[in-house]
Amino acid sequence: MTRPDTALVRRARKMHRVLAETYPEAGCELDFRNPFELLVATVLSAQTTDRRVNAITPALFAACPDAPAMAAAQRADIEEIIRSTGFFRAKTDSLLRLSAALVERYDGEVPGRLADLVTLPGVGRKTANVVLGNAFDVPGLTVDTHFARLVRRFQWVPEDVAKDPVKTEHAVAAIFPRRDWTMLSHRLIWHGRRCCHAKKPACGACPVAHWCPSYGTGPIDPVVAAGLLTTQGPA
């Protein structure tokens, strides 16, 4: 991969420093106590909010506290618990297959390597990096919809690269030191949920507007923009 331009690296890292100051509490918004719970919660978070997932996981983990228990669970029981997260039949299938694979291949434990995680049913690089960064302290970039939108607006990656999550991951990884990857992901996601919204970003109230090439995509009037800010995103 081509080495990123020095000016881009400086601008991107400055924006990250400001986001770090803006969101000192940024972190994973899924509730979990161990790698298995985070893996399951991340799978459930597809096409729904973290808040909704957090509402149902206590009951799910009470019934299925680990991979062996979930692999042996009745499909109907899981479907009923996770129904409100949407696509509950497909998600139940993923959870059953995922748990069975953990039991068969890893003695019921979640592996701590990307190469192993992505071989599990329903687990791609995004999910794997969430688990690695937050449950194993292994740096990773989580290229979700917020992350992808922001790096495109910030022009940290070219437009053609921004269309591909894996290419985006590698391009952004070349800009920042590895130790920053996990927290960079959290801060971009928090900013995307709270300020740089998909349809109407709060440009006039954005802490990194000065360095953003897409400034003006949303309202630039400070009062109007402030009305678009949320203290908690659609987590």
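Let me begin with a question: does Asp 107 count as buried or exposed? At 72% relative accessibility, Asp 107 counts as exposed. Before I say more about this residue, please note that the model before you is predicted.

How confident is the predictor in the protein chain? The mean pLDDT is 95, and 97% of the residues reach 70 or more. Within the chain, confidence is lowest in α10, with a mean of 90, and highest in α4, at 98.

Let us return to Asp 107. This residue is found in the loop between α6 and α7, the latter spanning 114–117. The phi angle of Asp 107 is near 55°, which is a positive value in a residue other than glycine. Phe 87 also has a positive phi, near 50°, and it too is a residue other than glycine. Phe 87 sits in the loop between α5 and α6. With a relative accessible area of 58%, Phe 87 is exposed.

I turn now to helix α5, which covers residues 75–82. Which of its residues are buried? They include Ile 78, Glu 79 and Ile 82. Viewed down the axis of α5, the buried residues fall within an arc of 100°, so they line one face of the helix. On the other side of α5, Ala 76 and Glu 80 are exposed. What, then, covers the buried residues of α5? The cover includes α2 (35–44), α3 (50–63), α4 (67–71) and α6 (88–106).

My next topic is the aromatic residues. How many aromatic pairs are there? The count comes to four. Consider Trp 156 and Phe 176: their ring centres are 5.2 Å apart and their planes meet at 55°, so the pair is tilted. To reason this through, recall that planes under 30 degrees apart count as stacked and those over 60 as edge-to-face, with the rest counted as tilted. Elsewhere, Arg 194 lies over the face of Trp 190, at 3.8 Å from the ring centre.

We come to the cysteines. How many disulfides does a search of the whole structure find? The search finds zero. Cys 195 is in no disulfide, and the nearest cysteine sulfur, which belongs to Cys 206, is 4.4 Å away. The cut-off matters here, because a disulfide requires two cysteine sulfur atoms within 2.5 Å. Cys 195 is buried, at a relative accessible area of 2%. Cys 212 is likewise in no disulfide; for this residue the nearest cysteine sulfur, again that of Cys 206, lies 6.3 Å away. Cys 212 counts as buried, at 16% relative accessibility.

Finally, I would like to point out three individual residues.

Thr 127 is placed in helix α8, residues 125–135. With 8% relative accessibility, Thr 127 counts as buried. Leaving aside residues up to four places away in sequence, Thr 127 touches Leu 39 and Thr 42.

Ser 45 is located in the loop between α2 and α3. Its relative accessibility is 17%, and Ser 45 therefore counts as buried. Again not counting residues up to four places away in sequence, Ser 45 touches Leu 30, Asp 50 and Val 53. Ser 45 and Gly 86 are 41 residues apart in sequence, and their C-alpha atoms are 9.4 Å apart in space.

Thr 22 lies in helix α1, which comprises residues 6–22. At 32% relative accessibility, Thr 22 counts as partly exposed. How far from the C-alpha atom of Thr 22 is that of Pro 207? The two atoms are separated by 7.4 Å, although the residues are 185 apart along the chain.

Thank you for your attention.

Methods: Residues numbered from 1 in each chain as written. Predicted model: local features only at pLDDT ≥ 70, side-chain atom pairs only at ≥ 80, totals over all residues. Heavy atoms only, no water. Phe/Tyr/Trp six-rings, centres within 6.5 Å; stacked < 30°, edge-to-face > 60°. Lys NZ or Arg CZ within 6 Å of the ring centre and 35° of its normal. Buried < 20%, exposed > 50% of the residue type's maximum accessible area, 1.4 Å probe, protein only. Helix = DSSP H or I, 4+ residues; strand = E, 2+ residues; numbered from the N terminus. Arc of directions from axis to C-beta. Contact = heavy atoms within 4.5 Å. pLDDT = per-residue confidence, 0-100.
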